[in-house]
Amino acid sequence: MDLDWSTDELEFRDDVREFLAEKLTPELRRAGRLMTSVYSDHEASLEWQHILHERGWAAPAWPVEYGGCDWSLAKHYIFSAESIRAGAPLLSPMGIRMVAHAIVAFGTAEQKDFYLPRILTGEVFFCQGYSEPESGSDLASLSMAAIEDGDDLVCTGSKIWTTHATEANWIFCLVRTSKEAQKQRGITFLLIDMNSPGIAVRPLVMTSGEEVQNQVFFDNVRVPKANVIGKIDDGWTVAKYLLIFERGGGAAAPMLQAMSNSVADAAAEQPGPDGRPLLDDPAFSAKLAEARIRVDVLEIVEFRTLAALASGKNPGPAASMIKILGTELSQKITELALEAAGPRGRVYQPHATAPGGPLSEYTPPADGYLSGAEWQAVAPLHYFNDRAGSIYAGSNEIQRNILAKAGLGL
């Protein structure tokens with residue numbers, strides 16, 4: 001595996017850096033810098049998506065004929081890494097990185113013509129309807145019913161932990177269209193207009209005070225069968241395909257490197273237990289060094305996976321490994337950031353951050369007062385939100401089971 005970029009790749013990197021330097025406004029950089037979770041401020045994310053779309057870079061992983069880029073895997077990695085290092089807001093993954101791939105692979109020509117251009121522009125904004133109150137990691141046990149009635153499916157049930165359901169105008173759902181002995185059968189992948197009669201959304205307040213997640217209720221919601229992706233009763237095939245893009249496809253190490261660098265910079269200024277900079281405290285510096293070493297290891301894993309894919313090889317269960325390492329390292333780094341924030345990290349000051357959703361029952365101070373620095377206001381909220389990282393997209397326990405089965409033959 002050659003860790004050096006080629007001349008062409010270095011020229012591409014410089015082109016990306018020049019574009020980011022020109023197009024990332026101070027407001028967009030602030031939205032990226034002050035994120036409190038894996039989701040950027042909604043308006044900033046859409047604004048950045050429009051800028052990327054103008055350049056033709058909003059959905060680089062799509063097939064070229066639908067608006068993607070004819071890039072090598074290395075260039076995809078470079079673009080992701082440079083965007084993160086520049087502090088760009090993250091785009092919502094639900095449309096561009098997830099359901100769009102299902103539409104490309106399983107959708108009809110009419111579905112592709114309608115949804116894909118509108119996902120690129122942001123006119124169609126998707127949320128995901130997978131988990132239910134009684135179905136999380138065991139997703140195949142879902143029970144939301146979709147009963148056939150002429151040309152429609154009539155949907156009744158609820159979905160939970162639905163990110164950005166209040167902002168989205170479409171939702172992609174897994175619904176139960178029949179009951180089979182094998183629970184994976186009888187599931188259908190369905191696109192539902194969020195403005196359909198019978199849909200109600202209830203925001204869920206997270207420990208950070210943010211309303212990013214929601215519960216969505218469906219009461220006899222009529223959905224045209226034309227909105228089925230793939231075949232009725234075969235939605236599990238589509239869902240499994242989609243997991244490839246939910247659990248992988250991005251660069252985790254560059255984000256973690258940026259996070260750990262920020263902690264190091266802050267710790268160099270913050271006083272430690274003996275009055276010296278916290279970075280000089282042996283216990284803290286040892287924990288930070290261990291995290292940074294593990295991030296470097298993760299980067300090598302990502303490079304190895306990239307090299308395997310580029311040579312046409314199957315990287316095996318690498319997506320599960322990267323998901324485990326990435327989320328658990330992120331949790332560790334947010335713990336260190338909270339420790340570095342000191343007493344000011346215990347103050348609830350969300351007005352100084354750029355959260356991924358509305359704040360529940362919070363009135364900011366009239367004069368905008370902030371105790372400490374912005375990063376100290378971000379630290380506790382990012383810490384709380386990051387606890388979910390080892391649960392969403394398939395809990396890390398499930399990922400370890402996948403590794404045990406696929407990697408160790410257990």
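A disulfide is a pair of cysteine sulfur atoms within 2.5 Å. Keep that cut-off at hand for the exercises on this predicted model, where local features need pLDDT of at least 70, side-chain atom pairs count only at pLDDT 80 or more, and totals for chains, interfaces and linings use all residues. Residues are numbered from 1 along each chain as its sequence is written, and side-chain values use heavy atoms, with hydrogens and water left out.

**Exercise 1. Cysteines**

Solution. Start with the total: the structure holds zero disulfides. For C127, the nearest cysteine sulfur belongs to C173 and is 7.3 Å away. Finally, check accessibility, where buried means under 20% relative accessible area, exposed over 50%, and partly exposed in between (1.4 Å probe, protein chains only). C155 is buried at 0%, and C127 is buried with a relative accessible area of 0%.

**Exercise 2. The largest core**

Find which residues touch the most other members of the largest nonpolar core.

Solution. A nonpolar core is a set of buried Ala, Val, Leu, Ile, Met, Phe, Trp, Tyr and Cys residues joined through side-chain atoms within 4.5 Å. The largest one has 49 residues, and W48, I119, F126, F172, F189 and L191 touch the most other members. Helix α5 (residues 93-106) gives this core its largest share, eight residues; helices here are DSSP runs (H or I, at least four residues), and strands are runs of E (at least two), numbered from the N terminus. A second, separate core has 26 residues, including A253 and V301. Next, look around L191: beyond its neighbours within four places in sequence, its contacts (heavy atoms within 4.5 Å) include V99, I103, F126 and F172.

**Exercise 3. Aromatic rings**

Decide whether the F114 and Y115 rings are stacked, tilted or edge-to-face.

Solution. Rings of Phe, Tyr and Trp (its six-membered ring) pair if their centres lie within 6.5 Å; planes under 30 degrees apart are stacked, over 60 edge-to-face, and the rest tilted. The whole structure has 20 aromatic pairs. In the F114 and Y115 pair, the centres are 4.8 Å apart and the planes are at 90°, so the pair is edge-to-face. F114 is partly exposed at 34%, whereas Y115 is buried at 4%.
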